[in-house]
Amino acid sequence: MSSTTSVTPSISVGASAFAALAETAATSGPAWLVARRRAAAARFAEVGVPSSRDEEWRFTPVAAIGTTAWTAPAASAPVTAADVAALRLADGPLAVLVDGVYVPALSNLPASIQASSLQAAIAAGDAAVETHLGMIALPTATPFSALSLATFTDGVVLHLAAGTELAAPLEILHLTTTSAEGALVAPRVLVTAGKAARGAVVEQFVSLADTVHLSNTVTELVLGEASWVEHIRVQREGARAWHVGYTHAHQARASHYRSFALSIGGKLSRHNLHARLAGEQVETLMYGLYLTQHEQLADTHSAIFHDEPNCNSWEVYKGVLADKSRAVFNGKVFVEPIAQKTDAKQTNRNLLLSDEAKVDTKPQLEIFADDVKCTHGATVGRLNEQQRYYLQTRGIGGRTAQELLIWAFAAEVLTEVMIPAVRNGIERIVRDRLEAMLG
Amino acid sequence: MALLQITNLHASVDEKEILKGISLTVNAGEVHAIMGPNGSGKSTLAQVLSGHPAYDVTSGTATLEGEDLLDMEAEERAWAGVFLAFQYPVEIPGVTNAYFLRMAFNEVRKARGLDELDPMDFLDLLEEKLKVVEWGPEIMERAVNFGFSGGEKKRNEILQMAVLEPKLAILDETDSGLDIDALRIVADGVNKLRSPERAIILVTHYQRLLDYIVPDFVHVLAGGKIVKSGGKELAHELEAKGYEWLTGMPEGAAV
């Protein structure tokens, strides 16, 4: 591992709120897990919830998380099959977690695929879980990553066997109910892809009730040699939710990881999206769209670790901001001295619909190899008046023109969702949100 | 009633007066060429008529079939039947030509109280319209003007005109930047769209376009005023003599 993974210890605001939850979590499970949980809990107790003095969290005020006495979710309110059906983006295998716990009755994981709840996999002694859990998304990566390992309740595990292809994407619905009020909801997902395996995972985070809760989620993806994994992440939690998510893909030689993340939910949301390119000929694609309104804040921190030569990474994130909302984008690209012939491109474009909306965008390229092609670009702008006038002269005026131009802006990343049904579903979610944002 | 009636029109941009009293009558079925040197106000007149928000009309009137044009938003003018072919058509990445054209077509239909066409019916209509500019359907899947050559952009303007079927089409320097083949296609397209119900205003610096689209009337604009009007032969006279003999004329000499 390169030294660049380590993060400056945060200034602790208040880790004690979580100590009881971590203590409870560490009372069951195999010894390796208990040890890992205890170490993670200790790590979190040491670093705590970051304050705005922490450079990584400068624009994203999460300190209030540390001063809230989060509880474990109460017994979950009932969720019906109809609730689930209305939210789905795909129609293949399905895993439903309610308030962080897998619910078999709502899920559909056929025996033909190697998927189960995380707790079931741990109980069954799944060796891959022991190998990877908390070892891909390290507890040292972010304070919340440590918190997740210390306190996670349940989750989903998917293994794609070498040489196989998942016929339909695995859809994972992370739902919260009224029972999540005041609670920490902490699911984890682990995906492993064997040599030349192919598959897609669609994760959604949805609040069924407008509760104040903290979703602290981690998704670990382990891509074997020449594997191909598409990861779709749709975060559309309620307007009062706190959402902190961390996705980490570890990529072996010649693997292909493509990520699409939509972030429209939460009062405050943060997504750390990391990929470690740990072999040659790796390809990493990260596409994202955030839409914010009212006083929402959406933060994306990506980190791409070019550890080996001859790899490509390509990242395009776009944002549309209304009202007094805020967005943060930080894109790190680390190119190690041996990672020659790296080709990395990063773009972040933002469209402000209001004078009071604000974006803090920062590319952060640290390049230690000399024969590389690395570019980045960030823009913050408004709707193009020339385009708007052009549309008007064609009879397309007012709000219709506005919608069309915003749609055109967002379309570039939406088209990167490879599965048509999922893409269509995401487009519907985006259209609905844009309608709401335009008032 | 005249289709377009402009009376003593004054317009400014950033408080600088560009149009200093334009009067012009255009009837249905007529083609008018507005010529003039750079900076004479030709393009400003085109933009003022189609409703560019940067221009302030300080006095005068412009009516379309008796309706006050200047009181309308740009899109309302499009609904009323005004079309501007841009000198520099605007690129809109992320929107296909097909989607854009159908949306424009349906917005205009809606405003006129007509039913919208669904995508299939619109495709049938489009097939006919594409012939006007000698194009195949492949252009429809490209983003609006995005990465188009200069010639393709101008053809796209004429295609839009064919689809929207305006009463009054204003072509702003449509010949600029075109090679001879593209000029021929664009001019042929415009000629196919000439009709007794439609008036066309050609704004151009050069007489070249007028060899292909023969106007009924030619007006020379200089210093924000029409300083001379005549028949198509006036264009040839300008070609021979240049603009200087006109721009030097005293104020108020306009016909």
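1. Which residue in S10(A) is the bridge partner of Val206(A)? In this predicted model, the partner of Val206(A) in S10(A) is Arg236(A). Strand S10 (residues 228-236) of chain A runs parallel to S8(A), and nine bridges join them; helices (H or I, at least four residues) and strands (E, at least two) are DSSP runs, numbered from the N terminus, and two strands pair if DSSP finds at least two bridges between them.

2. A note on conventions: residues are numbered from 1 along each chain as its sequence is written, while chains are lettered from A and ligands numbered from 1 in the order in which they are written. As the model is predicted, local features need pLDDT of at least 70 and side-chain atom pairs count only at pLDDT 80 or more, whereas totals for chains, interfaces and linings use all residues.

3. On its other pairing, S8(A) is joined in the parallel sense to strand S5 (residues 170-176) of chain A over seven bridges, with Leu170(A) opposite Val201(A) in S8(A). Eight of the ten residues of strand S8 (residues 198-207) of chain A are buried (20 or more other C-beta atoms within 10 Å of their own, C-beta atoms being placed from the backbone), so S8(A) is largely enclosed by the rest of the structure.

4. These strands belong to an open sheet of ten strands with mixed pairing, in the order S2-S1-S5-S8-S10-S12-S14-S16-S18-S20 (chain A). Its edge strands, each pairing on one side only, are strand S2 (101-102) and strand S20 (373-381) of chain A.

5. Within the sheet, strand S16 (residues 312-321) and strand S18 (residues 343-352) of chain A pair in the parallel sense over ten bridges, and Lys318(A) has Arg349(A) in S18(A) as its bridge partner.

6. Between the chains, 16 residues of chain A are in contact (C-beta atoms, placed from the backbone, within 7 Å) with 23 residues of chain B. On the chain A side, the elements that give two or more residues are helix H8 (385-393) and helix H9 (398-414).

7. Leu202(B) touches, among others, Val31(B), Leu171(B) and Pro215(B), not counting residues up to four places away in sequence.

Notes: Contact = placed C-beta atoms within 7 Å. Buried ≥ 20, exposed ≤ 12 C-beta atoms within 10 Å, placed from the backbone.
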